[in-house]
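Please consult the sequence and the model shown below.

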Amino acid sequence: LHLIKTSGLRLSGLVNDILDAASAKRGSFVIKREAVLLTDIADNVCDVLHAICPRSVAIRQEVQDRIPHIEGDSNRLNQVLTNLVSNAIKFTEQGQIVVSIRMLSDAE
C-alpha cells in the first residue's frame, strides 16, 4: 500500500512538472507566497523517496530546533527538494543522504 501511494505521488509530481513547463512557456507560471514549514516538506520528501532508496543507502534528516516558517511556495519547494534527493539517490551506491535544515547567521 505504501509503495502504491509513493508511486502515485511521484507520478503526480511528474505531471505537475510537465504542466509547470507548459505554464512557463506561456508566461503564466505563478509562484505562490504562503507560510511554509521546511521541516514538513523535508519529512514528506524523505518519506516518499525512502521507498525508492536501495537498502545500501539511508536517507536521514538533520533538523535544527525551532525552525520558523518561511514565506514561499510549498509546491515549488517540494519539487526542488524532491529533485535534489532523487538525484542523490540515483548517484549514491551506498552510504547516506542527509537532508539538513538549519538557520544560518548573516556571517554564513
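In sequence order, the chain of this predicted model follows the pattern α-β-α-β-β-α-β. Its secondary structure comprises three helices and four strands, where helices (H or I, at least four residues) and strands (E, at least two) are DSSP runs numbered from the N terminus. The C-alpha atoms fill a box of roughly 45 × 40 × 25 Å along the principal axes.

**Basis of the values**

- Residues are numbered from 1 along each chain as its sequence is written, and side-chain values use heavy atoms, with hydrogens and water left out.
- Local features need pLDDT of at least 70 and side-chain atom pairs count only at pLDDT 80 or more, whereas totals for chains, interfaces and linings use all residues.

**Packing of α2 and α3**

- The axes of α2 and α3 come within 10 Å and cross at roughly 40° (axes are lines fitted to C-alpha atoms, for helices over the stretch in contact, and angles run from 0 to 180 degrees between N-to-C directions).
- α2 is therefore oblique to α3 (angles under 35 degrees count as roughly parallel, over 145 as roughly antiparallel, 65 to 115 as roughly perpendicular and the rest as oblique).
- In contact (heavy atoms within 4.5 Å), Leu38, Ile41, Ala42, Asn44, Val45 and Leu49 of α2 meet residues of α3 including Leu77, Asn78, Leu81, Thr82 and Val85.
- The residues of this contact divide into nine nonpolar, five polar and no charged (Ala, Val, Leu, Ile, Met, Phe, Trp, Tyr, Cys and Pro count as nonpolar, Asp, Glu, Lys and Arg as charged, and the others, Gly among them, as polar).

**Largest pocket**

- The largest pocket has a volume of about 540 Å³; a pocket is an open set of points on a 1 Å grid over the protein atoms alone, where a 1.4 Å probe fits, with protein on both sides within 12 Å along at least five of seven lines.
- Its volume is the space filled by probe spheres set on the points, which are joined across faces, edges and corners.
- Of its 22 lining residues, Leu9, Gly13, Asn78, Gln79 and Thr82 are the closest to the centre; lining residues have an atom within 4 Å of a point.
- α1 (2-26), α2 (38-50) and α3 (74-90) each supply at least two lining residues, and α3 gives the most, with nine.
- By class, this lining has six nonpolar, twelve polar and four charged residues.

**Second largest pocket**

- The second largest pocket holds about 170 Å³ of space.
- α2, α3 and β4 (95-101) each supply at least two residues of its lining, with α3 giving the most, four residues.
- This lining has nine nonpolar, one polar and one charged residues.
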